[in-house]
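Visitor: Could you take me closely through the place where the ligand sits, and tell me which residues surround the ligand?

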Amino acid sequence: MQRPIRIALTKGRLEKDTVGMFEQLGLDCTAVREKGRKLILPIGDGSIEVVLAKANDVITYVEHGVCDLGVVGKDTILEMQGKFYELLDLGFGRCKFALAVKKGTDFYSGYGVKTIASKYPNVTRKFFEAKGMDVDIVKIEGSVELAPLLELSDGIVDIVETGTTLKENGLEVFEDVCPISARLIANTVSMKLRQQELEALISKIESYFSTQDAN
Ligand code: PRP
């Protein structure tokens, strides 16, 4: 017998909305809601398993085919890239990438090469490459807002959702980079080998979103 369809789900910010979506589709998610420290959980009638993982790892598991589908932010997709299908914009987890600086700073003034801190060096590099601008990029693991405050960088490229973190730290958006939302991704081989099952689930998700759009 084949293993259940496995969906890698990004733990944390996207988790609640993804579980909410599955419940709206009529899939029982009690096991996920009462998960404790368990990381692989059955949903619905057990023919689907949810794997809870960090965003980067969602992509790794889907790329390697140990998970058939994944729910992950466009931010992680843009940073990691990789070989998988990006099937749907799920509409939740909306935020944006932005270039932010200390309040009142004109980022483009002066001639020296600017330093940018980011958790997303690839996104940052592409953004400035498109402008034909040479920048030094410093990779930071979290709370990137610290870098300009500590004078490590002239700006940051980071996720902005409500804008509260920037505001409370005396920073502001200087320029938007691109919008972000949660995406449904799929392993390329699974889409061939388990086409029927996956397409049935994907079209269920798609029709859920078309009803949402209509409201
Ligand atoms: C993200 C991001 C910002 C913050 C933005 O960080 O890197 O710091 O959220 O959200 P806001 O605009 O609603 O304030 P996260 O909370 O994921 O933590 P991290 O910086 O430690 O990675």
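Guide: In this predicted model the ligand is surrounded by 13 residues, the closest being Lys 119, Glu 145, Asp 158, Thr 162 and Thr 165, where a residue is near a molecule if one of its heavy atoms lies within 4 Å of it. Because the model is predicted, local features need pLDDT of at least 70 and side-chain atom pairs count only at pLDDT 80 or more, whereas totals for chains, interfaces and linings use all residues. Residues are numbered from 1 along each chain as its sequence is written, and side-chain values use heavy atoms, with hydrogens and water left out.

Oxygen atoms of the ligand take part in polar contacts (pairs of N or O atoms within 3.5 Å): a polar side-chain atom of Arg 13 lies 2.7 Å from a ligand oxygen, a polar backbone atom of Glu 161 is 2.8 Å from a ligand oxygen, and for a polar backbone atom of Gly 163 the distance is 2.7 Å. The ligand taken alone exposes 500 Å², of which the protein buries 72%, with areas from the Shrake-Rupley method and a 1.4 Å probe.

In the shell around the ligand, β9 (155-160) and α7 (164-168) are the elements that give two or more residues, and β9 provides the largest share, 3 residues; helices (H or I, at least four residues) and strands (E, at least two) are DSSP runs, numbered from the N terminus. By class, this shell has 2 nonpolar, 6 polar and 5 charged residues.

The ligand sits in the largest pocket, meaning that more than half of its atoms lie within 2 Å of the pocket's grid points. A pocket is an open set of points on a 1 Å grid over the protein atoms alone, where a 1.4 Å probe fits, with protein on both sides within 12 Å along at least five of seven lines, and lining residues have an atom within 4 Å of a point. Its lining has 37 residues, with Arg 13, Asp 75, Lys 119, Tyr 120 and Ile 159 nearest the centre, and α4 (74-80) gives the most, 4 residues.

Note on methods. Polar contact = N/O pair within 3.5 Å; in protein donor to acceptor, adjacent residues only side chain to side chain. Nonpolar A, V, L, I, M, F, W, Y, C, P; charged D, E, K, R; others polar.
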